[in-house]
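Please keep the sequence and the model in view while reading.

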Amino acid sequence: MKTTFIGLCLLSFALSGANAQSTTNTNKMSPNKVPPTTTAPKQTTPTKTTTNTTTSKPTTTQTAPEKTEVNAPAVVKTKFSAAYPAVKEAKWSTNKAGNYIATFKENGKAMRVVYKADGSLIRTWKQIDESALPQTAKDYLSKNYAGQKITEAGTLQGANNGPITYEVKIGDKKLKFDSKGNWEGGEKPNTKPTSKPEVKPAPKTISK
């Protein structure tokens, strides 16, 4: 009996060891156990910074075109050279009528001489000082344009040594005076159009 009891104990010990080994292997092979997942690091896309570079166009200042010089006919230049032999340089231009204008200086004073295309002289303009104006013209300017600066004054003479008249510029106004200094053209200051008085019709008379 003692031997049988010992045998049963050994058998029970062997069975309990086998169950423990089986449980251990089952835990190792359990399909429900999910290995820890590793999260891949997020990749950051670098943002591109675009800079708009606007190239500004250079500004150009437009200036008024200068008066174009022309080449006067030979007959005109011959007449001019005969009248002004000491003048070596003159600028030629034309006016609206198609006449030729020589602009130059003589004795430090500006001059303009106008010719027809056939060389005939039309008129001569010569710069003068304000003090050279006739006294009548000076009085007129002092009375009507007091405090305003004279920008240009000159004499104007027609062909064949005609009478000398005077031209005066004050700003953009051009005034003309006769040989004695009397105002004869251009802008007349302090003038208002005179209105004609209203004429009332005479009352009708009824004859009985």
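This is a predicted model: local features need pLDDT of at least 70, side-chain atom pairs count only at pLDDT 80 or more; totals for chains, interfaces and linings use all residues.

The protein chain averages a pLDDT of 76, where pLDDT is the predictor's confidence in each residue, from 0 to 100. A score of at least 70 is reached by 57% of the residues. Residues 22-35 fall below 50, with zero contacts in the model beyond near neighbours in sequence; contact means heavy atoms within 4.5 Å.

Residues are numbered from 1 along each chain as its sequence is written, and side-chain values use heavy atoms, with hydrogens and water left out.

**Strands**

Strands are DSSP runs (E, at least two residues), numbered from the N terminus. Two of them pair if DSSP finds at least two bridges between them.

| Pair | Bridges | Residues between strands | Positive phi |
|---|---|---|---|
| β1 (91-94) and β2 (100-106) | four | five | Gly98, about 85° |
| β2 and β3 | seven | two | Asn107, near 55° |

Both pairs form hairpins. Ser93 has Ile101 of β2 as its bridge partner. Ile101 also stands opposite Val114 in β3.

**Largest pocket**

What volume does the largest pocket hold? About 260 Å³. On a 1 Å grid over the protein atoms alone, a pocket is an open set of points where a 1.4 Å probe fits, with protein on both sides within 12 Å along at least five of seven lines. The volume is the space filled by probe spheres set on the points, which are joined across faces, edges and corners.

Lining residues have an atom within 4 Å of a point. Among them are Ile101 and Val114, together with Arg112, Arg123, Thr124, Trp125, Glu152 and Lys174. Strands β3 (109-115), β4 (121-127), β5 (152-158) and β6 (164-170) each supply at least two lining residues. β4 gives the largest share, three residues.

The lining divides into four nonpolar, two polar and six charged residues. Here Ala, Val, Leu, Ile, Met, Phe, Trp, Tyr, Cys and Pro count as nonpolar, Asp, Glu, Lys and Arg as charged, and the others, Gly among them, as polar.
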